Amino acid sequence: MRLYNLLKIAYTALMRNKMRAMLTMLGIIIGIASVISMVSLGQSSQLSIRESISSTGTNMIMVMRAFRRPGVNIGNDNVQTLKMADCVAIRKGAKNVDLISPTVSSSGQLIRGSKNWPSTIEGVSTEFLTIRKYELESGTNFTEEHINTYAKVCLIGQTVVDNLFEPDENPVGQDIRFGKIPMKVIGVLKEKGQNQMGQDQDDIVIAPYTTVQKRILAIDYLHMITASAVSEEATDAAVAEIESILRAQHRLLPGEDDDFDVRTQAEMLEMMSSVSGFMTILLAAIASISLIVGGIGIMNIMYVTVTERTKEIGLRMSIGAKGRDIMLQFLCESTILSLIGGVIGIILGLVISYVASYLLSWPYVVSQASVALSFVVCAATGIFFGWYPAKKAASLDPINALRYE
Amino acid sequence: MGNDIIIKVENLKRDFVVGSETVRALRGVSFDIRQGEFVSIMGTSGSGKSTLLNILGCLDKPTSGEYYIDGIGISQCSKDKLSVIRNRKIGFVFQSYNLLARTTALENVELPLMYNHNVSSKERHEMAEHALEMVGLSNRRYHMPNQLSGGQQQRVAIARALVNNPVIILADEATGNLDTRTSYEIMTLLQELNLQGKTIAFVTHEPDIACFTSRTVMLRDGHVIKDAPIEPKSAAEALAALPSNEDY
Ligand SMILES: Nc1ncnc2c1ncn2[C@@H]1O[C@H](COP(=O)(O)OP(=O)(O)OP(=O)(O)O)[C@@H](O)[C@H]1O
Ligand SMILES: [Mg+2]
């Protein structure tokens with residue numbers, strides 16, 4: 001039997017029961033739409049993480065204090081393993097390290113007149129802005145001079161500006177207070193948005209590290225060292241250099257654990273994308289369950305159809321249809337159902353993921369692979385779940401089928 | 001009429017096993033049907049008429065005995081081969097018409113040709129139109145079965161049986177659902193077709209329908225008890241003799 005005839009027969013049969021065909025398709029539509037949108041959203045989130053990580057600099061290296069030490073856990077505040085001397089040693093010894101900044105931070109209340117805002121102050125060196133890819137919107141960065149004199153100057157992010165200043169005010173040159181310490185704003189940072197952890201990178205006050213160490217925290221150690229490798233490729237070499245320099249600085253014996261942790265953005269990127277990749281797979285797996293349910297819906301309806309049309313099957317056989325013709329006819333019907341459902345589902349899924357990624361301000365990713373795969377899955381669903389009902393139809397005995405009421 | 005044997009059955013037996021019992025529906029039936037004959041197969045209910053017709057129509061196989069249609073022995077044929085024989089050599093007319101619902105008369109008539117690779121869609125269309133013309137329903141070609149009377153539906157079914165130019169038309173109680181007038185109309189049509197050379201085997205248990213055929217094969221309990229040519233009455237005349245509907 002010609003394909004065109006088959007399609008025509010299947011189409012007419014489906015059109016005889018539009019409502020039922022539609023409801024059956026709905027199962028497939030929902031299944032495919034959820035698979036497509038889940039995969040697409042998963043990929044968008046991965047991409048958005050990637051974008052935000054590279055916006056902070058893919059060659060960035062962070063050296064943290066190690067919180068785990070043999071014996072008692074002394075809590076992270078008291079770990080004093082990183083010193084300014086380490087910073088100096090790295091700058092001198094590590095050829096693959098480009099820029100380096102000691103980092104101390106403290107959270108506290110920012111106050112200006114009647115307005116106040118809780119924020120974090122980062123005490124850093126002049127190179128910090130370049131390492132973290134912050135740019136100045138107005139004013140200037142602080143200088144070595146400021147660092148040497150523990151100067152009470154700071155740079156502030158947009159969120160801080162929004163919360164402490166009126167929209168038409170110029171913050172540069174104004175005084176604000178961090179807790180009890182008055183500080184002069186000498187620069188405003190350009191807006192940067194959220195980082196991959198969802199933190200607002202504009203909710204920040206940047207000051208010389210000496211100011212934060214001596215005037216705010218009264219400590220002489222560092223919380224962290226922020227550095228950048230000369231290039232993204234040199235990151236691993238830079239990490240190795242930093243590790244060996246620090247081990248020497250801290251006089252660690254071979255076999256002793258590091259008392260610091262070196263983290264790179266590349267690692268972060270890998271970790272974050274493996275987490276969200278796993279989430280994507282998980283969501284897609286859950287969504288595909290609904291696809292299976294949709295497929296079972298098709299199977300159910302095809303069984304009903306075969307039973308209902310037993311007489312028609314008998315007639316077709318009596319006028320010369322072979323078992324194979326009958327089988328193809330029903331397979332064709334179930335495949336048409338699932339393919340049309342699939343196309344609608346794909347469109348719906350793309351629309352859903354478009355709207356969702358727009359609302360979440362994620363990049364919109366259409367994965368051709370997932371669309372193509374869904375299409376194949378649809379066809380396979382139709383054939384797989386249509387197979388048994390079609391087989392049943394084809395194996396009917398024409399005489400009994402004709403007698404069936 | 002020609003003398004070619006279209007159908008030849010030899011000592012045909014058909015047993016049905018139901019549980020522990022065996023129903024012997026046909027117990028050795030032999031006869032020939034020649035080209036151009038109009039045979040009625042008669043008998044009381046349960047005498048095996050439908051069983052015989054199903055075998056003649058290649059829907060069923062005999063338990064024993066041999067059956068040849070157009071020179072082809074059926075016992076050797078595979079299921080698919082039987083389908084092809086049904087498609088090319090046989091036209092079926094059923095008591096309950098068995099038209100596809102929500103499908104136009106024309107498409108119903110085209111149906112057997114859909115299962116024939118050798119017929120293009122254009123030919124199929126033309127052949128179906130021609131068959132509808134032969135049963136006088138050209139003006140109803142786009143009507144759905146539920147828009148047609150029982151007699152008209154049966155005519156469509158006859159057109160469907162004619163469309164593939166079968167060697168024989170098999171009808172099982174084709175007038176069973178129709179009133180006398182419509183039955184006579186159908187018989188008139190079948191007589192006309194027979195005159196044009198169509199071979200027809202017609203199962204009925206009504207003697208006043210069988211009298212329009214040219215030969216009667218009488219079955220009882222699975223045996224042929226009578227097989228004789230008769231002088232056919234004219235269905236057209238019988239139809240004219242009926243009191244007209246406007247009388248009451
Ligand atoms: N599939 C079957 N299984 C068991 N017995 C059957 C089957 N088909 C027919 N029979 C038996 O075979 C016998 C002949 O049946 P058949 O249908 O041929 O009668 P018939 O002459 O067509 O009767 P009617 O005029 O009522 O249609 C009956 O006794 C019936 O019970
Ligand atoms: Mg019968």
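The legends below describe close-up views of a predicted model.

Local features are given at pLDDT of at least 70 and side-chain atom pairs at pLDDT 80 or more, while totals for chains, interfaces and linings use all residues. Residues are numbered from 1 along each chain as its sequence is written, chains are lettered from A and ligands numbered from 1 in the order in which they are written, and side-chain values use heavy atoms, with hydrogens and water left out.

**View 1. The contact between chain B and chain A.** Chain B gives 27 residues to the contact and chain A gives 22 residues (contact means heavy atoms within 4.5 Å). The area buried between the two chains is about 2400 Å², and carbon and sulfur atoms give 56% of that area. Buried area is the accessible area, taken with a 1.4 Å probe, that two parts lose on being put together, summed over both. Between chain B and chain A there are 5 residue pairs in polar contact, both residues at pLDDT 80 or more. A polar contact is a pair of N or O atoms within 3.5 Å; within protein, one must be able to donate a hydrogen and the other to accept it, and residues adjacent in sequence count only if both atoms are side-chain atoms. On the side of chain B that touches chain A, the elements giving two or more residues are helix H2 (79-89), helix H3 (105-114) and helix H4 (121-134) of chain B. Helices (H or I, at least four residues) and strands (E, at least two) are DSSP runs, numbered from the N terminus. H2(B) supplies the largest share of this side, 5 residues.

**View 2. The salt bridge between chain B and chain A.** The two chains share 1 salt bridge, defined as a side-chain nitrogen of Lys or Arg within 4 Å of a carboxyl oxygen of Asp or Glu. B:Glu107 forms a salt bridge with A:Lys8, and their closest N and O atoms are 3.8 Å apart. Over all chains, this rule gives 21 salt bridges.

View 3. An open sheet of 4 strands has the order E2-E1-E4-E5 (chain B), with antiparallel pairing. Two strands pair if DSSP finds at least two bridges between them. Strand E2 (21-34) and strand E5 (72-73) of chain B are the edge strands, each pairing on one side only. Strand E1 (residues 5-18) and strand E4 (residues 64-69) of chain B are joined by 5 bridges. B:Ile7 stands opposite B:Ile69 in E4(B), and B:Lys13 has B:Ser64 as its bridge partner in E4(B).

**View 4. The hairpin of E1(B) and E2(B).** These antiparallel strands, E1(B) and E2(B), are joined by 11 bridges. B:Val18 stands opposite B:Glu21 in E2(B). The hairpin has 2 residues between the strands, and B:Gly19 takes a positive phi near 60 degrees.

View 5. Ligand 1 lies between chains A and B. Of the 14 residues around ligand 1, those that come nearest are B:Ser45, B:Gly46, B:Lys49, B:Ser50 and B:Thr51 (a residue is near a molecule or strand if one of its heavy atoms lies within 4 Å of it). A polar side-chain atom of B:Ser45 is 2.4 Å from an oxygen atom of ligand 1. For B:Thr51, an N or O atom in the side chain lies 2.6 Å from an oxygen atom of ligand 1. B:Gly46 has a backbone N or O atom 2.9 Å from an oxygen atom of ligand 1.
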